[in-house]
Amino acid sequence: MKILVSACLLGIRCRYDGSSARSEDLSILTDETVFIPVCPEQLGGLPTPRCPAAIAGGDGGDVLDGRVQVLTEDGGDVTARFLRGAGEVARIASMMNISTAIMKEKSPSCGVFSIKRTKIPADGMGVTSALLTRKGIHVISSDNIIDEYVRHYRHRK
Ligand code: SF4
């Protein structure tokens, strides 16, 4: 089974500060899955390291619908980069016939249940996770890998 994964969860140093967010929980899946790593912020054309960004109200769905912007801490508007990155990830998912994604929680791009909204944590999906969900892809939170993966897939074997 092929699964799209936020690249930082696999140990790739693509976070805003040049670090990774390696998840040991993914190791339970390695014998049965092929991971397709993606970093929507890099795919959107942003550099690493980069100024941290946050959704300026609402959530990723509101960004997709053009209602709110994504702004960096120094006030730059990176909305177009976030939308481009989300679109590229969705294109990869379509090319690879992906039906499941595991995405990094608490990110304005990849968050599933929580995002960073102008310096404070908030409920909601990031821009890329919102787009993948709209495309019918099952998006699993990095905070819930073992429980959700096992619940949805292991029992089918
Ligand atoms: S955009 Fe997603 S994959 Fe890239 S560093 Fe942030 S959380 Fe990780």
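Biologist: What should I know about numbering and confidence?
Modeller: Residues are numbered from 1 along each chain as its sequence is written, and side-chain values use heavy atoms, without hydrogens and water. The model is predicted: local features need pLDDT of at least 70, while totals for chains, interfaces and linings use all residues, and side-chain atom pairs count only at pLDDT 80 or more.

Biologist: How many salt bridges does a search of the whole structure find?
Modeller: A salt bridge is a side-chain nitrogen of Lys or Arg within 4 Å of a carboxyl oxygen of Asp or Glu. By that rule, the count for the whole structure is seven.

Biologist: Is Asp62 buried or exposed?
Modeller: Buried means under 20% relative accessible area, exposed over 50%, and partly exposed in between (1.4 Å probe, protein chains only). Asp62 has a relative accessible area of 17%, so Asp62 is buried.

Biologist: Which residues are linked with Asp62 in a network of salt bridges?
Modeller: Asp62 forms a salt bridge with Arg67, with the closest N and O atoms 2.9 Å apart. Arg67 counts as exposed, at 57% relative accessibility. The network links Asp62 with Asp65, Arg67 and Arg134.

Biologist: How far apart are the closest N and O atoms of Glu24 and Arg22?
Modeller: Glu24 counts as exposed at 55% relative accessibility. Arg22 counts as exposed at 55% too. Their salt bridge has its closest N and O atoms apart by 3.7 Å.

Biologist: Where in the chain does the partner of Lys106 lie?
Modeller: Lys106 forms a salt bridge with Asp143, the closest N and O atoms being 3.3 Å apart. The pair links distant parts of the chain, 37 residues apart; Lys106 is in the loop between strand 5 (100–103) and strand 6 (114–117), and Asp143 is in the loop between strand 8 (138–141) and helix 5 (145–152). Helices (H or I, at least four residues) and strands (E, at least two) are DSSP runs, numbered from the N terminus.

Biologist: Is Ala80 buried or exposed?
Modeller: Ala80 sits in helix 3 (residues 79–95). Its relative accessible area is 58%, so Ala80 is exposed.

Biologist: How far apart in space are Ala80 and Val38?
Modeller: In sequence, Ala80 and Val38 are 42 residues apart. In space, C-alpha to C-alpha, they are apart by 18 Å.
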